[in-house]
Amino acid sequence: MNIYRTSVTFVLTFILATLLFSLQFPLPVIILTVFIFFLGFNLLPTLYTIYRSNNLKSIEKFIQANKKKPIFAYPLALAHGNEVEIEESLRAIIEKHKQPYMQNVYKTLLALHLKNIDAADTYAQRIDSEPLKSYYAALIAAKQGNFEEAARHEENVGVEWMIHALHALYAKEKGQQELFEKEAQQAITHSRGIQKFIVVHSVGRI
């Protein structure tokens, strides 16, 4: 939280509390209302940046401010790092987050980054939720040149940016540069928040 937002938050919270007191609301109601306001005023902008923003500069500013956290160091490495730094950022996430879902997703990403398709396939099969399971299954099938299988997995994806990202991969694998560029742009257009930042800086690495 920056100083400006902190100052504004306290001023607005004070005004709200004063207003509620003047209207003779019960103290528990005032405390609860002020707490919800304070939380919402500070939390909602962060959630919007992470999940819904289209402003890449704002997203990158947030990522830069949180780059010590491995989960945010990874997109930053995609944007500005080299291959070794990307690998290190993925390994840091795997080391930090021990939940099976996180382990399998980021081990899949690491294997893909290292171009170890067999290992990526093994980890992707262990992802226990959609649409990521089918997304990576389709991506891996395309990497193996099996576009019919990729299309079958794609039926379970249902997320627009993922569909376009997969189509961009298919086009690139087939040497269809114009179609690749069109689908890559559509993947970027339909993604939001930090996911948009990742798509922008990873779609060319497919």
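Mentor: A residue counts as buried when its relative accessible area is under 20%. Please keep in mind that this is a predicted model. In helix α10, the buried residues are Trp 161, Met 162, Ile 163, His 164, Ala 165, Leu 166, Ala 168, Leu 169, Tyr 170 and Ala 171.

Trainee: How many of the 14 residues of α10 are buried, and what follows for the helix?

Mentor: Ten of the 14 are buried, so α10 is largely enclosed by the rest of the structure. Its buried residues pack against α8, α9, α11 (177-189) and α12 (193-202).

Trainee: What span should α10 have, and how far apart are its end C-alpha atoms?

Mentor: The expected span of a helix is 1.5 Å times one less than its number of residues. For α10 (residues 160-173) the expectation is therefore 20 Å, and the end C-alpha atoms are 20 Å apart, in agreement. After α10 comes Gly 175, which has a positive phi near 75°.

Trainee: At what angle do α8 and α9 pack?

Mentor: An angle over 145 degrees counts as roughly antiparallel. Helix α8 (residues 132-143) and helix α9 (residues 147-154) pack at about 170°, their axes lying 7 Å apart. The two helices are therefore roughly antiparallel to each other.

Trainee: Which residues of α8 and α9 meet?

Mentor: From α8 come Ser 134, Ala 137, Ala 138, Ala 141 and Ala 142, which meet Phe 147, Glu 149, Ala 150, His 153 and Glu 154 of α9. Sorted by class, this contact has six nonpolar, two polar and two charged residues.

Trainee: How many residues does the largest nonpolar core have, and which of them have the most contacts inside it?

Mentor: A nonpolar core joins buried residues through side-chain atoms within 4.5 Å. The largest one here has 46 residues, and those with the most contacts inside it are Tyr 74, Tyr 106, Tyr 135, Tyr 136 and Ile 194. Helix α8 gives the most to this core, with eight residues. Leaving aside neighbours within four places in sequence, Tyr 136 is in contact with Val 105, Thr 108, Leu 109, Leu 112, Ala 124 and Ile 127.

Trainee: Is Asn 104 buried or exposed?

Mentor: The same cut-off of under 20% applies. Asn 104 has a relative accessible area of 11% and is therefore buried. Its place is in helix α6 (residues 100-113). Not counting residues up to four places away in sequence, Asn 104 touches Tyr 123, Arg 126 and Ile 127.

Notes:
Residues numbered from 1 in each chain as written. Predicted model: local features only at pLDDT ≥ 70, side-chain atom pairs only at ≥ 80, totals over all residues. Heavy atoms only, no water. Axes fitted to C-alpha atoms, helices over the stretch in contact; angles between N-to-C directions. Helix = DSSP H or I, 4+ residues; strand = E, 2+ residues; numbered from the N terminus. Parallel < 35°, antiparallel > 145°, perpendicular 65-115°, else oblique. Contact = heavy atoms within 4.5 Å. Nonpolar A, V, L, I, M, F, W, Y, C, P; charged D, E, K, R; others polar. Buried < 20%, exposed > 50% of the residue type's maximum accessible area, 1.4 Å probe, protein only.
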